[in-house]
Amino acid sequence: MLEGILYKVRESLNYVKPSEGAVAKYILNHPEQAVTMTVNQLAHASYASPSAVMRYSQTLGYKGFKDFKLKLSGDLAVIDLHDLEQETLSPEDSIDKMMSVITNTNIQSLYSSLQLLQKDQFKTANQYLINARKIDFYGIGASLLIAFDAVQKFMRINKACTAYSDFHMQKVSAVNLDDRDVAIAISYSGETQEVLDCVQIAQSKGAKVIAVTKYANSHLSDMADAVLYVAAQEDEFRSAAMSSRIASLNVIDMLYTACAYEDYDKSLAHLNETYDIIQKSQKEET
């Protein structure tokens with residue numbers, strides 16, 4: 001699996017120091033050249049110091065610049081197979097171009113998110129859900145829609161879960177958790193205060209917390225017991241969390257499927273039973 005390094009570099013511009021940001025910008029603009037450079041060469045090219053290059057590599061979680069270059073080189077070797085051209089839209093663009101750009105951007109968000117997902121974190125999150133007595137979902141705005149989607153999926157395999165549109169009810173639900181329960185907090189920014197409040201309450205009651213959030217140092221990623229990163233490309237007309245919503249829904253689908261397959265026969269029986277009940281209700285209504 002790819003490391004998703006270029007996405008990590010781009011996101012790091014939101015939180016690294018200016019000296020490290022200069023290194024990041026050079027790598028984003030010249031990735032092929034960066035993998036052939038020494039620390040001193042990259043420092044000179046980016047108008048930074050050698051220590052800034054080393055610090056930046058470690059900020060991204062690598063042992064040093066050599067380790068960073070190795071992983072970046074591996075990504076670049078195959079990135080052309082997957083990386084779709086990133087285009088932006090303007091008012092003069094045709095409907096055909098709009099359709100293509102939106103679709104390609106969503107596809108790229110899904111692929112980038114796959115690169116960012118850490119297998120050990122996903123396994124940890126999956127185990128929490130398998131053992132959970134109850135699952136709480138927290139989200140505000142577009143993230144709440146993802147929470148509602150998750151509830152209707154997990155309930156179909158007999159997992160007790162809740163997602164409330166009222167923030168106060170989310171807090172009440174969090175208060176009633178204990179160490180047998182799990183909370184899934186959905187916030188792309190990782191800084192949504194309402195979600196952070198619920199997480200703090202849930203953890204105070206002993207519940208495990210899974211975060212679905214963007215790749216960054218955020219309060220939510222720091223607080224969570226397992227972090228599942230998603231990637232997104234949003235511009236001024238994609239402010240309704242379009243690609244981040246698609247990527248987050250995909251993570252929920254992964255969690256649901258992994259949980260269902262843990263006991264396949266039992267999950268299938270519950271799915272069939274709920275399907276039959278819904279079909280029967282629809283026939284009665286007609």
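Over which residues does pLDDT stay under 50?

## Confidence in the model

pLDDT, the predictor's confidence in each residue on a scale from 0 to 100, stays under 50 over residues 236-240. For that stretch the model has seven contacts beyond four places in sequence, a contact being heavy atoms within 4.5 Å. Where pLDDT is low, the predicted coordinates should not be read in detail. For the protein chain the mean pLDDT is 89, and 92% of its residues reach 70 or more.

This is a predicted model, in which local features need pLDDT of at least 70 and side-chain atom pairs count only at pLDDT 80 or more, whereas totals for chains, interfaces and linings use all residues. Residues are numbered from 1 along each chain as its sequence is written, and side-chain values use heavy atoms, with hydrogens and water left out.

## The nonpolar cores

A nonpolar core is here a set of buried Ala, Val, Leu, Ile, Met, Phe, Trp, Tyr and Cys residues joined through side-chain atoms within 4.5 Å, where buried means under 20% relative accessible area, exposed means over 50%, and partly exposed lies in between (1.4 Å probe, protein chains only). The largest such core has 34 residues, and those with the most contacts inside it are L129, F137, F154, I184, I210 and L255. The elements giving two or more residues to this core are α8 (119-131), β1 (135-138), α9, β3 (182-186), β4 (208-214), β5 (226-230) and α13; helices (H or I, at least four residues) and strands (E, at least two) are DSSP runs, numbered from the N terminus. Helix α13 provides the largest share of this core, with eight residues.

Leaving aside residues up to four places away in sequence, F154 touches L129, I135, F137, K159, C161, L255, Y256 and C259. In soluble globular proteins, nonpolar side chains tend to be buried together.

## One side of helix α10

In helix α10 (residues 167-175), the buried residues are Q170, S173 and A174. They cover an arc of only 100° around the axis, so they lie on the same side of α10, the arc being that of the directions from the helix axis to the C-beta atoms. These buried residues of α10 pack against β1, α9, β2 (161-162) and α11 (193-204).

## Aromatic pairs

Rings of Phe, Tyr and Trp (its six-membered ring) pair if their centres lie within 6.5 Å, and the planes count as stacked when under 30 degrees apart, as edge-to-face when over 60, and as tilted for the rest. By this rule the count comes to seven aromatic pairs. One of them joins Y56 and F68, whose ring centres are 6.5 Å apart and whose planes stand at 70°, so the pair is edge-to-face. Because Y56 lies in helix α5 (residues 50-59) and F68 in helix α6, this pair ties together parts that are twelve residues apart in sequence.

Both Y56 and F68 are buried. The rings of Y62 and F68 have their centres 5.8 Å apart and their planes at 75°, so this pair is edge-to-face. Y62 counts as buried at 7% relative accessibility, and F68 counts as buried at 1%. Together, Y56, Y62, F65 and F68 form one aromatic cluster.

## Salt bridges

The structure holds ten salt bridges, each being a side-chain nitrogen of Lys or Arg within 4 Å of a carboxyl oxygen of Asp or Glu. In one of them, the closest N and O atoms of K71 and D67 are 3.4 Å apart; both residues lie in helix α6 (residues 65-78), four residues apart, which is about one turn of the helix. K71 counts as partly exposed, at 28% relative accessibility.

The side chains of K153 and D253 also meet in a salt bridge, at 3.3 Å from N to O. This pair links distant parts of the chain, with K153 in helix α9 (residues 142-155) and D253 in helix α13 (residues 242-262), 100 residues apart. K153 is buried, with a relative accessible area of 16%, whereas D253 counts as partly exposed at 29%. Elsewhere, R180 forms a salt bridge with D178, the closest N and O atoms being 2.6 Å apart, and R133, D178, R180 and D181 are linked in a network of salt bridges.
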